[in-house]
Amino acid sequence: MSSLQDLYQDIVIDHNSRPRNFRKPQGATRSVEGYNPLCGDRYTLHVQVDGDLVCDIGFEGSGCAISKASTSMMTEAVKGRPKGHAADLFDSFQRMLVRPPGAEFDPDEVGDLEALSGVNEYPARVKCAILSWHTLRAALDGGVDSVTTE
Ligand code: ZN
C-alpha cells in the first residue's frame with residue numbers, strides 16, 4: 001500500500017526543513033538554474049569541479065518539499081565524488097522514479113535516495129524529484145546555463 005505518508009518519509013521532511021549544502025560554495029566554477037514550471041520549483045545549482053571530481057556543490061532557491069529534499073540529498077550523494085558516480089546515480093535514481101507501480105528496484109544502487117522511491121506513484125511529482133539531477137547534468141556537462149523539465 002502506498003500513501004502520501006510513504007511519500008513524505010522522515011528523511012524527506014528532514015532534508016526539506018534543513019536542506020544540506022544550501023549555499024553558494026566560494027569556489028563555484030559553474031552555476032545552472034533549474035526550473036519546473038509544472039510545480040514552480042526553481043533552484044540554482046553551484047558546482048566546483050576539479051578535473052573529474054565534484055569538489056563542492058551547493059544550491060539556492062525554493063520549491064516544494066519533494067524538490068528541495070531531492071536536491072539536498074543529491075548534493076550529499078555527489079559531493080567529493082567523481083563525475084562518473086553522479087552520472088551512474090542519476091541513471092539509477094531515474095530508473096527508480098519511473099518504474100511501473102509495484103515494480104522492484106535495487107536499493108543498493110540509490111542509497112539514501114531510496115527515501116524518494118514512493119514518487120513513482122505520483123507522476124506529477126517525478127519532475128519535482130528529478131529536476132535538480134537534470135540541472136546537475138547540465139552543470140557537469142557544460143553548454144547551457146538553465147534547464148527546465150518541460
Ligand atoms: Zn515540486
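I began with Phe90, which at 3% relative accessibility counts as buried (buried means under 20% relative accessible area, exposed over 50%, partly exposed in between, with a 1.4 Å probe and protein chains only). I noted that this is a predicted model, in which local features need pLDDT of at least 70, side-chain atom pairs count only at pLDDT 80 or more, and totals for chains, interfaces and linings use all residues. I also noted that residues are numbered from 1 along each chain as its sequence is written, and that side-chain values use heavy atoms, with hydrogens and water left out.

**Aromatic pairs**

I looked up Trp133 and found it buried, at 0% relative accessibility. Phe90 belongs to helix 4 (residues 83–97) and Trp133 to helix 6 (residues 123–141), so the pair ties together parts 43 residues apart in sequence. I took helices (H or I, at least four residues) and strands (E, at least two) as DSSP runs, numbered from the N terminus.

I counted 4 aromatic pairs in the structure. One of them, Phe22 with Phe59, is edge-to-face, at 5.0 Å centre to centre and 80° between the planes. Phe22 lies in the loop between helix 2 (10–17) and strand 1 (30–36) and Phe59 in strand 3 (residues 53–62), so this pair ties together parts 37 residues apart in sequence. Phe22 is partly exposed at 38% relative accessibility, whereas Phe59 is buried at 0%. I recorded Phe22, Tyr43 and Phe59 as one aromatic cluster.

**Charges over rings**

I found Lys68 over the face of Phe22, 5.3 Å from the ring centre (NZ of Lys or CZ of Arg within 6 Å of the ring centre and within 35 degrees of the ring normal). The charged end of Arg42 sits over the ring of Tyr35, 3.9 Å from its centre.

**Salt bridges**

I counted 8 salt bridges, each a side-chain nitrogen of Lys or Arg within 4 Å of a carboxyl oxygen of Asp or Glu. Asp56, buried at 15% relative accessibility, meets Arg23 at 2.8 Å, N to O. Asp56 lies in strand 3 and Arg23 in the loop between helix 2 and strand 1, so the pair ties together parts 33 residues apart in sequence. Asp56 also forms a salt bridge with Lys79, at 3.7 Å.

Methods
Rings of Phe, Tyr and Trp (its six-membered ring) pair if their centres lie within 6.5 Å; planes under 30 degrees apart count as stacked, over 60 as edge-to-face and the rest as tilted.
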